Amino acid sequence: MSTALDSLLDLLDLERIEQDIFRGASRSAVVPRVFGGQVAAQALVAAGRTVPADRTAHSLHAYFLRAGDPGVPIVYSVDRIRDGRSFTTRRVVAVQHGQPIFHLSASFQTYEEGLEHQADMPPAPDPETLPTAAQMLPRYADRFNDPRIVDRLIEARAAVDLRYVDAPPFATAGEPREPRSQVWFRTNGKLADDPLLHVCMATYVSDMTLLDSVLLAHGRGGWAIGDVVGASLDHAMWFHRPFRADEWLLYDQESPSASGGRGLGQARIHTQDGRLAISVIQEGVIRVPRD
């Protein structure tokens with residue numbers, strides 16, 4: 001297991017300070033605020049720790065309310081909304097400086113048999129044939145205004161092996177493309193056999209690239225290039241089938257719309273053997289900086 005993955009697992013191991021109140025460390029992302037995927041994953045950890053072990057997360061719906069301060073811990077307060085015979089619902093509010101920065105509702109379900117069908121997995125190359133972030137990012141160092149960005153991007157993704165199928169937005173800035181993006185990802189090391197941990201890790205990664213397809217449609221390179229500014233607004237995930245976040249997952253993303261200073265991304269995450277594991281939808285603020 002990599003040192004970076006150890007550090008991320010420590011970040012997700014929240015401190016319980018009251019029965020339904022947890023505290024998590026925070027750290028800055030490539031931009032000077034807490035990475036949204038971190039807050040979402042930590043909130044789901046908090047919710048999951050108040051739920052019986054035989055109930056697994058099947059959905060989450062979240063709003064990003066304020067930018068997180070990487071300099072102080074985040075307190076997560078869990079509200080036990082409902083404990084039914086099959087479903088459990090939790091609401092989590094993340095607080096910093098006395099103000100809510102994030103709100104999450106999550107639902108958990110006991111396993112049961114039911115109807116089965118799924119969308120087919122789209123074609124994609126073998127992930128082992130694609131370059132790692134450490135191999136790919138230095139090729140585009142001249143695209144960034146700050147030469148330190150490459151190292152910061154590599155560091156931010158050191159816990160996760162994330163490989164682009166096609167060139168990322170910052171590689172083709174100025175050239176509009178089809179609003180579709182694919183990446184393969186898995187953790188850089190094995191994880192414990194805890195379903196909640198794998199779901200939370202996928203939640204963490206899901207915020208990394210989902211709005212890429214919005215940028216591609218307009219030939220924008222992204223936040224690291226500086227030709228747009230933005231942030232996540234809301235995020236929803238549905239967990240359909242069991243999966244492991246330490247095994248390859250294909251994140252197939254597209255954008256059906258951008259308007260009003262907002263862009264929408266939607267995606268499906270398949271296991272390498274073709275099972276549809278997760279559906280994801282996210283909207284974000286995406287603005288072109290004024291001169």
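Analyst: A term to begin with: helices (H or I, at least four residues) and strands (E, at least two) are DSSP runs, numbered from the N terminus. The expected span of a helix is 1.5 Å times one less than its number of residues. This is a predicted model: local features need pLDDT of at least 70, side-chain atom pairs count only at pLDDT 80 or more, and totals for chains, interfaces and linings use all residues. Residues are numbered from 1 along each chain as its sequence is written, and side-chain values use heavy atoms, leaving out hydrogens and water.

User: OK, how many residues does helix H2 have, and how far does it reach?
Analyst: Helix H2 covers residues 36-48, so by the DSSP runs it is a helix. It has 13 residues and reaches 18 Å from first C-alpha to last, close to the 18 Å expected.

User: How many of H2's residues are buried?
Analyst: 13 of its 13. Buried means under 20% relative accessible area, exposed over 50%, partly exposed in between (1.4 Å probe, protein chains only).

User: Switching to Tyr76. Where is it?
Analyst: In strand E4, residues 74-83. Tyr76 counts as buried because its relative accessibility is 0%.

User: What does Tyr76 touch?
Analyst: Its contacts (heavy atoms within 4.5 Å) include Leu14, Phe22, Val39, Gln42 and Val93, not counting residues up to four places away in sequence.

User: And how far is Tyr76 from Phe102?
Analyst: Their C-alpha atoms are separated by 9.3 Å, and the two residues are 26 apart along the chain.
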